[in-house]
Amino acid sequence: MRYVIVLSCAWLAALVLAPAARAMDPVHLEVKDHHFTPDHITVPAGQRFLIVLDNHDDTTDEFESYDLKFEKIVVSGGTITVHAGPLHPGTYKFFDDYHPDQATGTVTVTQEP
Amino acid sequence: MLGSLLIVFREVMEAGLIVGIVLAATQGIPGRGRWVAGGIAAGVAGAAIVAVFAGSLSAALSGNGQDVFSATILCIAVLMLGWHTVWMTRHGREMAGEMKTLGAEVVSGERSLAAMSVVVAVAVLREGVEVVLFLYGIAVSTHSGPMAMLTGGALGIAAGAALSWLLYRGLIVIPLSRLFSVTGLLIAFLAAGMASQAAGLLAGDDLIPALGYEVWDTSWLLSDGSMIGRAAKALLGYSDRPMGVQVMTWAVTLAVMIIATRLVRRQPAARG
């Protein structure tokens, strides 16, 4: 039992003390006429990063991604920031849950050289 | 129309599953219809109010307002589920045994119902905000066919409510002697799932340590985006790529709910 506790504590400490690197600048997106601009972004693998979204539509939108694990409402004319990553190399989708057929985009994650 | 039906249905389903379980878990407690209906009404009213202030809520707390708000109401719901479980453990057997009104216990039954009413209100509020904002957006849009989309939305609400009712009817097929053990377990999982979602929201905004990202990836098996994935999230707190803090919160909450039930059950029948 004592070993389990010690191991758990060590695990927790390792995780708390090793926060994900966040060196890169926030990625800026806008949504207008239910289209994201840009609708494709590239980020390096293994980094936590921010996406800042400006809503230039006249409707409230919901910026969401199952792959990146965020879901935030952004009112017309509003700006929101979501956190994402760290990610493995691959392609990840995001969308506006209120206009899922029109407003979609992807994040490509590349392995750093 | 089908598009808006699906969007609304998904949200209503998530709240509806919780309402269905609450209805089954309060089976036989006098006056529960009023409390559950009151919880739904309060949730809808709250959703409308939050929707009006959605812009300010988004901007609050350095842009983390929405998530902190959701996490807070989820934690309140978890506490209420815990309270109900302890009460039910004390009184469930008497109710199952006699199936008559509880007389002097009615007052404390009302308190448990108030707790469950809060849980229903939180569930409806949380999903309701999204439905209200979505339907409002359609209603004021100048684009073609708002009527068809609003009809779709209304049908989505009806379908979600129907699913909630089906879950309730399905659960109460279980004999009363076993029903409360089943709903007790469902509620323990519900509470664990809500606590883990709250942790996920806070860690997602870097407000608490994530304790590791993507502890596992089961998106190939059951994706968060699928209908079953969403139901599993609402009922169990499922995530296809959870953070460490979500797994830990889930396990701790579930353990506390189950151990608390055991401890209370071992005590001699208590008053109140």
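This is a predicted model: local features need pLDDT of at least 70, side-chain atom pairs count only at pLDDT 80 or more; totals for chains, interfaces and linings use all residues.
Residues count from 1 along each chain as its sequence is written, and chains are lettered from A in the order in which they are written. Local features need pLDDT of at least 70, side-chain atom pairs count only at pLDDT 80 or more, and totals for chains, interfaces and linings use all residues.

**View 1. An open sheet of 4 strands in chain A.**
The strand order is β2-β1-β4-β7, with mixed pairing. Strands (E, at least two residues) and helices (H or I, at least four residues) are DSSP runs, numbered from the N terminus. Two strands pair if DSSP finds at least two bridges between them. The edge strands are β2 (35-37) and β7 (79-84) of chain A, and each pairs on one side only. From one strand to the next, the twist averages 25°. Axes are lines fitted to C-alpha atoms, for helices over the stretch in contact, and angles between N-to-C directions run from 0 to 180 degrees. Strand β1 (residues 27-32) of chain A runs antiparallel to β2(A), and 3 bridges join them. V31(A) has F36(A) in β2(A) as its bridge partner.

**View 2**
In β5(A) (residues 61-65), 5 of 5 residues are buried. A residue is buried if 20 or more other C-beta atoms lie within 10 Å of its own, exposed if 12 or fewer, and partly exposed in between, with C-beta atoms placed from the backbone. In a regular strand the side chains alternate between the two faces of the sheet. D61(A), F63(A) and S65(A) point one way, while E62(A) and E64(A) point the other way. β5(A) and β6(A) run antiparallel and share 5 bridges. S65(A) is bridged to F70(A) in β6(A). These two strands form a hairpin with 4 residues between them. In the turn, K69(A) has a positive phi of about 65°. β5(A) also pairs with strand β8 (residues 90-96) of chain A, antiparallel, over 2 bridges. Here E64(A) stands opposite F95(A).

**View 2. V82(A) in strand β7.**
V82(A) lies in β7 of chain A. V82(A) counts as buried because 26 other C-beta atoms lie within 10 Å. Leaving out residues up to four places away in sequence, V82(A) touches I51(A), F63(A), F70(A) and K72(A). Two residues are in contact if their C-beta atoms, placed from the backbone, lie within 7 Å. Y92(A) is 10 residues from V82(A) along the chain, and their C-alpha atoms are separated by 15 Å.

**View 3. The contact between chains A and B.**
Chain A supplies 22 residues and chain B supplies 24 residues. On the chain A side, α1 (2-17), β6 (70-74) and β7 each give at least two residues. β6(A) gives the most, with 4 residues. By class, the chain A side has 12 nonpolar, 5 polar and 5 charged residues. Ala, Val, Leu, Ile, Met, Phe, Trp, Tyr, Cys and Pro count as nonpolar, Asp, Glu, Lys and Arg as charged, and the others, Gly among them, as polar.

**View 4. The largest nonpolar core.**
This core has 100 residues. A nonpolar core is a set of buried Ala, Val, Leu, Ile, Met, Phe, Trp, Tyr and Cys residues joined through C-beta atoms within 7 Å. Helix α5 (residues 106-140) of chain B gives the largest share, 18 residues. Those with the most contacts inside the core include I18(B), V119(B) and A191(B). Beyond its neighbours within four places in sequence, I18(B) is in contact with V119(B), A123(B), L190(B) and A234(B).

α1(B) (residues 2-25) and α7(B) (residues 176-204) pack at about 145°, with their axes 9 Å apart. I18(B), I21(B), A24(B) and A25(B) of α1(B) make this contact with L179(B), T183(B), L186(B), I187(B) and L190(B) of α7(B). The contact has 8 nonpolar, 1 polar and no charged residues. α1(B) and α8(B) (residues 227-236) pack at about 35°, with their axes 9 Å apart. R10(B), M13(B), E14(B), L17(B) and I18(B) in α1(B) meet R230(B), A231(B), A234(B) and L235(B) in α8(B). This contact divides into 6 nonpolar, no polar and 3 charged residues.
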